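Subject: Structure handover

Hello,

Here is the structure we talked about. Please load it first, then read the notes below.

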Amino acid sequence: MLITSKDNNRIKEIRKLLNKKYSLEKGLFVIEGENLVEEALKNNLLVELYVLDGYGCNYGFSYDNVTLDVMKSISDLKSTPRILGVSKISNNSIVGDRIVILDGVQDPGNAGTIIRNCVAFNVDTIIFSRDSVSPYNEKVLRSTGGMIFNTNIIISDLNNIIDVIKSKNIPVIGTSLHTDNNLEDLDKLDKYAVVFGNEGNGVSQSILNKCDKLVKIDMKSSCESLNVGVSSGIVLYHLYKRN
């Protein structure tokens with residue numbers, strides 16, 4: 001089928017899914033480009049598929065062709081993709097006992113880097129605070145390189161979910177520049193929840209107060225801090241190698 005109208009009901013629904021709140025309500029999000037579509041397909045999360053008229057695909061998944069104008073109307077990219085899909089949001093509960101918590105992380109590139117780090121270093125669940133960037137933001141999705149489909153992600157109120165985590169006897173480790181505890185001094189942990197904070201302000205004081213321990217990365221004094229994406233890689237690699 002060729003869809004030629006931007007007023008087609010299915011096309012209008014996809015445009016609505018570009019809104020963070022609506023996307024979460026529906027449990028669906030838009031993915032653009034071959035890499036993300038292939039990863040969604042591998043993980044049995046692909047729901048709908050749209051291909052630019054004049055192109056085909058051989059994924060073995062039914063699709064509709066759309067005109068260039070229609071594809072532009074549903075894409076968030078500057079360069080119009082040839083392929084676009086709708087994917088299910090995979091889960092909304094904690095899985096496993098190696099957890100990363102993001103407190104107010106705003107930059108899509110940082111969020112995407114952290115997701116990739118979590119997959120690389122065997123984190124089971126990533127929890128985004130409600131004031132963090134959406135993990136289903138197009139810029140986040142592209143910066144994950146498809147890794148978003150290889151981990152479990154939750155968006156939640158942090159105060160409540162940290163209480164749930166602590167009830168499971170999982171220690172909560174906060175990252176902070178204002179502590180004397182270095183990462184290298186952290187005991188070996190078979191399970192953990194580690195909190196990374198906002199790019200400008202770090203982890204909020206209310207969340208730090210709920211942590212069992214605070215740690216910092218030991219570095220040269222002339223460097224005040226590291227990018228949160230870089231910091232997450234260092235901390236998670238350390239925890240991964242200690243397990």
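A residue counts as buried when its relative accessible area is under 20%. Keep in mind that this is a predicted model.

Start with Ser87. Its relative accessible area is 0%, so Ser87 is buried. Ser87 belongs to strand 5, residues 83–88. Its side chain reaches the backbone oxygen of Leu45 at 3.5 Å.

Six strands make it up, in the order 8-7-6-10-9-11, and the pairing is parallel. Strand 8 and strand 11 (213–215) are at the edges; each has a single partner strand, so one side of each has no neighbour in the sheet. On average, neighbouring strands of this sheet are turned by 25 degrees against each other, direction ignored. Helix 5 (residues 108–120) packs on the sheet and touches strand 6 (98–103), strand 7 and strand 8. The direction of helix 5 makes about 160 degrees with that of strand 7. Helix 9 (residues 228–242) lies across strand 6 and strand 10 (192–197), at about 165 degrees to strand 10.

Is strand 8 (residues 152–156) enclosed or open? Four of its five residues are buried, so strand 8 is largely enclosed by the rest of the structure. Five bridges join strand 8 to strand 7 (residues 125–129), and the two run parallel. Thr125 stands opposite Asn152, and Ile127 stands opposite Ile154. With helix 6 (residues 138–144), strands 7 and 8 make a right-handed β-α-β unit.

Best wishes

Note on methods
Residues numbered from 1 in each chain as written. Predicted model: local features only at pLDDT ≥ 70, side-chain atom pairs only at ≥ 80, totals over all residues. Heavy atoms only, no water. Buried < 20%, exposed > 50% of the residue type's maximum accessible area, 1.4 Å probe, protein only. Polar contact = N/O pair within 3.5 Å; in protein donor to acceptor, adjacent residues only side chain to side chain. Pairing = 2+ DSSP bridges. Right-handed = clockwise from strand over helix to strand, strands pointing away. Axes fitted to C-alpha atoms, helices over the stretch in contact; angles between N-to-C directions. Contact = heavy atoms within 4.5 Å.
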